[in-house]
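Please look over the model shown here before reading the notes that accompany it. They are arranged by topic, moving from the whole chain to single elements and then to the ligands.

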Amino acid sequence: MAVVFEKPKSLTDATLHYCPGCTHGIIHRLVAEAIDELGIQGRTIGVAPVGCSVMAYDYFDVDFVQAPHGRAPAVATGVKRADPENNIVFTYQGDGDLAAIGTAETVHAAARRENITVIFVNNAIYGMTGGQMAPTTLPGQVTQTSPYGRDVETVGYPIKVCELLSQVDGAVYLERVSVNNPANIKKAKKAIKKAFQNQIEGKGFSLVEVVSTCPTNWGMTPVKALEWVEENMLPYYPLGVYKDIYAEEEAK
Ligand SMILES: Cc1ncc(C[n+]2csc(CCOP(=O)(O)OP(=O)(O)O)c2C)c(N)n1
Ligand code: SF4
Ligand SMILES: [Mg+2]
């Protein structure tokens, strides 16, 4: 019988604990597909963050390390440098983890051109802890800690991670994607695979920002949350390649 659908080998049989409609699950699948297709399951080591994906180690059938909140790029640095020829190391981090408490680790890992792959899930909120304002929360967005909407006069503006890191010379590949519709899921898969391929080729720091949803803490149905991404997140966080130094060099 022809196989028409198969679960990636790099995912375990564990049932995901994510809320219905949460896009963490789609992103897990894309990462696992990339690992399968590149034939690197046996040498891949993930670094789990603190946030809703804290239990990523249960879902990926690869070795895993758990990092303290925000410190995944620092932990990944150590794991990669321990055996740079063999270890393929990725971090999987939320926006609170990567762009708040872990800002320094992120910027400096990029500056050092660490040969790691960073999967950055931007859902504009602290999901796990109940929906507090994150560094990426949109101006005017209502959260548990910005009940009248994010007021940039008092709490400042959102951090745009791809734009910020594009100014860091060490960063090699930065792309922002989304998983809000099938066409964007396809592009997200391509970007994630490229970020791993870069590491295999020894190219250096690659980060894929995935504009994601948190229907639970946004207080929306899953479908409405996908529409909210299209209407509100993507105008503020435009999709596209922010840096690809090898492609730029080839074009010269
Ligand atoms: C040092 C430290 N500070 C704060 C926390 C509490 N904490 C746990 S998860 C989290 C936010 C996670 O949000 P994000 O990284 O955006 O991930 P999401 O749940 O949205 O996927 C915070 C603040 C913690 N566990 N450790
Ligand atoms: S709280 Fe939000 S980010 Fe966390 S699993 Fe639920 S929908 Fe996903
Ligand atoms: Mg978040």
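The model is a predicted one, and its protein chain comes to 11 helices and seven strands. The radius of gyration of the chain is 17 Å, close to the 18 Å that the globule rule gives for 252 residues, so the chain is as compact as a globular protein of that length.

**Overall fold**

- Along its principal axes, the C-alpha trace of the protein chain spans about 50 × 50 × 35 Å.
- Of the 252 residues in the protein chain, 47% count as buried.
- Among contacts in the protein chain with a separation of 6 or more, 67% are accounted for by residues 24 or more positions apart.

**Helix H8**

- Helix H8 covers residues 182–200, and its 19 residues reach 27 Å from the first C-alpha to the last, close to the 27 Å expected at 1.5 Å a residue.
- The buried residues of H8 are Ala 188, Lys 189, Ala 191, Ile 192, Lys 194, Ala 195, Phe 196, Asn 198 and Gln 199, and what covers them includes helix H1 together with strands E3 (88–94), E4 (117–122), E5 (173–178) and E6 (206–211).
- An α-helix has 3.6 residues a turn, so residues three or four places apart point the same way.
- Gly 202, which follows H8, has a positive phi, near 75°.

**Ala 32 in helix H1**

- Ala 32 is found in helix H1, which comprises residues 24–38, and it counts as buried because it has 23 C-beta neighbours inside 10 Å, where 20 or more are required.
- Leaving aside neighbours within four places in sequence, Ala 32 is in contact with Pro 8, Ser 10, Leu 11 and Phe 60.
- The C-alpha atoms of Ala 32 and Ala 171 are separated by 24 Å, and the two residues are 139 residues apart along the chain.

**Ligand 1**

- Ligand 1 is surrounded by 19 residues, of which the closest are Gly 51, Cys 52, Gly 94, Gly 96 and Gly 127.
- The shell around ligand 1 divides into nine nonpolar, eight polar and two charged residues, and helix H4 (residues 95–101) gives the most to it, with four residues.

**Ligand 2**

- The residues around ligand 2 are Tyr 18, Cys 19, Cys 22, His 24, Cys 52, Asn 123, Gly 127, Met 128, Cys 214, Pro 215, Thr 216 and Asn 217.
- This shell around ligand 2 divides into seven nonpolar, five polar and no charged residues, and its largest share, three residues, comes from helix H9 (residues 215–218).

How values were computed. Residues are numbered from 1 along each chain as its sequence is written. Chains are lettered from A and ligands numbered from 1 in the order in which they are written. This is a predicted model: local features need pLDDT of at least 70, side-chain atom pairs count only at pLDDT 80 or more; totals for chains, interfaces and linings use all residues. A residue is near a molecule or strand if its C-beta atom, placed from the backbone, lies within 6 Å of it. Helices (H or I, at least four residues) and strands (E, at least two) are DSSP runs, numbered from the N terminus. Ala, Val, Leu, Ile, Met, Phe, Trp, Tyr, Cys and Pro count as nonpolar, Asp, Glu, Lys and Arg as charged, and the others, Gly among them, as polar. The radius of gyration is taken over C-alpha atoms; the globule rule is 2.2 Å times the number of residues to the power 0.38. A residue is buried if 20 or more other C-beta atoms lie within 10 Å of its own, exposed if 12 or fewer, and partly exposed in between; C-beta atoms are placed from the backbone. Two residues are in contact if their C-beta atoms, placed from the backbone, lie within 7 Å. The expected span of a helix is 1.5 Å times one less than its number of residues.
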